[in-house]
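This report looks at charged side chains and at one residue in a loop. Please keep the sequence and the structure in view while reading.

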Amino acid sequence: MDDIARRLLQRLVRRIPSQTLQPTLEKWGRLKQSQLQSMDFTLSKSALTERLASICEENDWSIKHLTELELLYVIDNPNVGMWSAYQLVDPEDDSHTVELMQFKEQFKSHLTELVQNVSIKMKKHTDEAVWIRLAWGESFSRPNHFKPTYIVHHLQSPYVFMTSISSKQKPLLYQALVFATRYQSIKDANLSGRKLNAIRDLLMKQYKQVFPSKFPSHITENDDNAQNPHIEQEQSKLSSNRRQMACEAFGGGKLPEIQSAVYRLETKFRGHAPNMAQRKEPFKCVVKFSSANLLESLRNCASSGIASTPVTPLLSSIPLKGRNYFVITDNGPGSSQQ
């Protein structure tokens with residue numbers, strides 16, 4: 001085992017919580033039962049690292065085998081960084097026929113043509129998502145396994161999720177993805193977050209939605225406020241309408257845990273101050289909403305009356321359009337465009 005493999009193993013053992021280290025190693029499937037039984041998982045992380053390192057040397061395992069272990073851990077614990085969503089556009093006629101083996105072969109062959117030194121590890125998860133781990137190298141340097149890029153793509157869908165990708169690597173990855181999926185191009189979906197499952201559910205509409213109706217039906221309440229005897233009788237109808245409009249805007253059940261939304265404003269001054277009116281450059285500002293569960297917070301604000309209803313399209317566009325980054329610019333005199 002060389003120094004890079006040993007350092008990667010040390011980082012992996014330190015990263016995996018003690019209580020999940022044994023199940024992760026069992027799922028890895030590389031260790032024999034006798035080797036697993038010989039490990040005392042109550043020992044310190046440094047002692048466990050040394051024991052694993054000796055087992056790796058006995059079996060002549062390389063860094064390729066360790067990247068399998070890291071990929072397994074990340075699949076089970078995907079909140080490793082900031083994930084960004086992308087959308088494949090303009091599918092070719094045979095894009096719906098692309099299968100796993102075909103995708104793997106074409107992705108690997110095309111990316112290795114574009115990048116001289118790159119390490120590629122791929123695995124299909126139980127939810128039909130293909131997970132890709134990339135370690136990038138330069139023309140005369142080995143792949144850097146300490147700063148990998150992770151990509152998740154659900155076959156037969158136009159969505160791709162990435163984390164830890166640089167601007168230099170992104171065009172190369174774009175080319176390999178569109179080639180392997182039979183699409184013409186790929187674009188930023190303007191959706192990002194630390195919780196992969198949340199941005200995936202929001203973009204792919206995998207949560208309970210409530211659609212506006214001219215004759216809205218009653219929303220089943222999940223809290224105690226609906227039957228609170230202290231609510232004034234004359235306020236009950238208004239409260240019910242607010243809850244209905246809040247659910248129509250954001251959904252009626254458990255919502256994806258999106259943690260932020262960013263609005264970038266670029267507009268001209270429209271007041272009467274002469275000095276400000278002569279300014280040619282647009283005014284720019286950024287407004288950011290943050291919460292542990294932003295959609296749930298916004299829904300509660302609307303249903304409780306803290307925020308006005310019907311909900312402004314600036315906020316309801318988060319679940320409607322599946323994005324949390326918006327640019328608001330001038331679209332002619334006296335109007336704006338989102």
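The sections below describe salt bridges and then a histidine in a predicted model.

Across the whole structure, 15 salt bridges are found. One of them joins the side chains of Arg6 and Glu50, with an N to O distance of 3.6 Å. Arg6 belongs to helix 1 (residues 3-15) and Glu50 to helix 4 (residues 45-58), so the bridge ties together parts that are 44 residues apart in sequence. Arg6 is partly exposed, at 28% relative accessible area, and Glu50 is also partly exposed, at 47%.

A salt bridge also forms between the side chains of Arg11 and Glu70, at 3.1 Å from N to O. Here helix 1, which holds Arg11, is linked to helix 5 (residues 63-76), which holds Glu70; the two residues are 59 apart. Arg11 is partly exposed at 23% relative accessibility, whereas Glu70 is buried at 1%. Arg11 and Glu70 are part of a network of salt bridges that includes Arg15 and Arg133.

## A bridge from strand to helix

Lys121 pairs with Glu68 in a salt bridge, and their closest N and O atoms are 3.8 Å apart. Lys121 sits in strand 2 (residues 118-124) and Glu68 in helix 5, 53 residues apart. Lys121 has a relative accessible area of 15%. Buried means under 20%, so Lys121 counts as buried.

## His145 in its loop

Where does His145 lie? His145 is in the loop between strand 3 (129-136) and strand 4 (149-154). At 7% relative accessibility, this residue is buried.

Leaving aside residues up to four places away in sequence, His145 touches Leu8, Arg11, Ile63, Thr67, Ser119, Arg133 and Ala135. Among these, Arg11 and Arg133 belong to the salt-bridge network described above.

Notes:
Residues numbered from 1 in each chain as written. Predicted model: local features only at pLDDT ≥ 70, side-chain atom pairs only at ≥ 80, totals over all residues. Heavy atoms only, no water. Helix = DSSP H or I, 4+ residues; strand = E, 2+ residues; numbered from the N terminus. Buried < 20%, exposed > 50% of the residue type's maximum accessible area, 1.4 Å probe, protein only. Contact = heavy atoms within 4.5 Å. Salt bridge = Lys/Arg side-chain N within 4 Å of Asp/Glu carboxyl O.
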